[in-house]
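Notebook open, structure loaded. I'm jotting down what I look up as I go.

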Amino acid sequence: MAKVIIIGAGGVGTVVAHKAAQNHAVFTDILLASRTKSKCDAIADAIGTRYGNKKIETAQTDADQTSELVALFKRFRPELVINVALPYQDLTIMDACLETGVNYLDTANYEPKDEAKFEYKWQWAYQDKFKGAGLTAILGCGFDPGVTSVFTAYAAKHHFSKPEYLDIVDCNAGDHGKAFATNFNPEINIREVTQKGKYWEGGKWVVTEPHEIHKPLTYPNIGPKESYVIYHEELESLVKNFPTLQRARFWMTFGQEYLTHLRVIQNIGMARIDPILYNGVEIVPIQFLKAVLPDPGELGKNYTGETSIGCRIKGLDKKGKELTYYVYNNCLHQEAYKETGAQGVSYTTGVPAVIGAMMFLKGLWKKPGVFNVEEFDPDPFMEQLNKQGLPWHEIFNGDLETD
Ligand code: NDP
């Protein structure tokens with residue numbers, strides 16, 4: 001049906017390549033391109049072995065250079081680019097898409113390298129350009145953002161006349177056997193979880209100290225886990241697209257061991273994102289740290305346990321009565337590894353990216369402009385979640401609080 005380019009050969013790229021190859025009736029021609037070609041080749045080899053004669057092409061590219069991307073896109077002529085490199089590359093890839101008439105999908109919003117600040121404003125500014133070119137850009141199509149945004153849209157469409165309180169809850173109850181490791185790119189992850197907390201209430205943003213608000217929440221099949229309010233990017237688009245929301249928060253579980261390591265990393269300056277001079281060479285501490293930490297893509301082999309991510313929404317149902325609704329998915333790390341060779345966090349990000357790409361290629365999520373996923377029809381996406389390995393469940397009038 002269509003040609004796609006996947007950019008990025010990390011944990012998420014591995015899952016995207018596997019899932020796209022599994023759905024070869026939709027993704028007929030796949031090119032996997034990244035900074036290090038040998039990583040693309042290793043993924044392509046694994047796919048060749050697993051799925052017989054299903055071949056994917058590979059290429060080296062520096063996605064910070066629009067001109068390199070333009071040359072690659074002109075050679076392969078894809079209909080869609082799935083960007084699972086880093087948030088720093090979002091704008092260069094969007095520029096190359098505009099120059100070559102290619103549609104775009106990503107899983108994380110743009111961040112400038114020198115400022116740990118993620119906001120949609122840079123990508124939303126491309127709205128007129130994509131619209132004018134008749135191209136679609138789908139933003140934030142991983143799990144969170146991504147599935148959590150679709151869950152919210154699904155709840156608003158089918159269950160609520162007025163959604164008022166949204167809590168996105170993200171628990172990783174897995175054990176990878178390492179003293180400290182991050183589940184996706186360490187640099188991006190540490191930048192995200194060490195910043196101040198922020199949530200939406202009464203029409204404005206409320207800022208907290210990092211990890212200031214916390215309490216145990218109960219996750220299906222896992223039980224109570226200490227959960228912390230952090231800022232997460234989908235809140236920005238969800239409060240805009242669902243203006244009846246009076247409060248929107250994002251909670252994530254952290255173990256004490258993880259938080260202690262994080263505190264030490266910050267206290268000794270290893271989380272710094274500004275360059276320092278070391279032996280006459282400029283290095284960025286957090287980038288050096290990434291080089292010595294376990295590679296998230298390699299964690300899968302010994303990972304046990306599961307993730308549980310969902311949306312708890314309170315408000316008025318279609319008949320105007322109060323409703324508490326919880327929709328969630330649990331994903332087993334071992335199952336993800338068995339299927340794709342990557343752990344659950346990469347899996348829960350990569351599978352929705354492929355479903356989003358499928359939605360576009362089937363013409364279900366195709367309109368000119370730049371969109372967050374909750375702006376599309378959630379139903380066909382929800383149907384595919386069940387088919388592609390991320391089944392979801394609903395609880396009506398239950399709750400997550402233990403007290
Ligand atoms: P990794 O660090 O494992 O992989 C990133 C890949 O991008 C690597 O292969 C890397 O190359 C490549 N890359 C980096 N810079 C460039 C460049 N300039 N040109 C070409 N390729 C480049 O990250 P993950 O796979 O864990 O995460 C991928 C993306 O998914 C991130 O943007 C992350 O924020 C997002 N994410 C989204 C989630 C969601 O639910 N929405 C959850 C988790 C992650 P090399 O191998 O040479 O380093």
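How do H8 and H11 lie to each other? Before I answer, two reminders to myself. I'm working on a predicted model, where local features need pLDDT of at least 70 and side-chain atom pairs count only at pLDDT 80 or more, while totals for chains, interfaces and linings use all residues. Residue numbers start from 1 along each chain as its sequence is written.

**Entry: H8 and H11**

I looked up helix H8 (residues 186-194) and helix H11 (residues 285-292): their axes come within 9 Å and cross at roughly 125 degrees. Helices here are DSSP runs (H or I, at least four residues), numbered from the N terminus. The axes are lines fitted to C-alpha atoms over the stretch in contact, with angles from 0 to 180 degrees between N-to-C directions. H8 and H11 are therefore oblique to each other. For that word I keep the scheme handy: under 35 degrees is roughly parallel, over 145 roughly antiparallel, 65 to 115 roughly perpendicular, and the rest oblique.

On the H8 side I found Pro186, Glu187 and Ile190, which meet Ile286, Gln287, Leu289 and Lys290 in H11. Contact requires C-beta atoms, placed from the backbone, within 7 Å. I sorted these residues into four nonpolar, one polar and two charged. Nonpolar covers Ala, Val, Leu, Ile, Met, Phe, Trp, Tyr, Cys and Pro; charged covers Asp, Glu, Lys and Arg; the others, Gly among them, are polar.

**Entry: H7 and H14**

Next I checked helix H7 (residues 147-158) against helix H14 (residues 378-387), and their axes come within 9 Å, crossing at roughly 125 degrees. That makes H7 oblique to H14. This crossing I logged as left-handed. From H7, Val147, Val150, Ala153, Tyr154 and Lys157 meet Pro378, Phe381, Met382 and Leu385 of H14. My class count gave eight nonpolar, no polar and one charged.

How values were computed. Helix = DSSP H or I, 4+ residues; strand = E, 2+ residues; numbered from the N terminus. Left-handed = near helix turned anticlockwise from the far one by under 90°. Contact = placed C-beta atoms within 7 Å.
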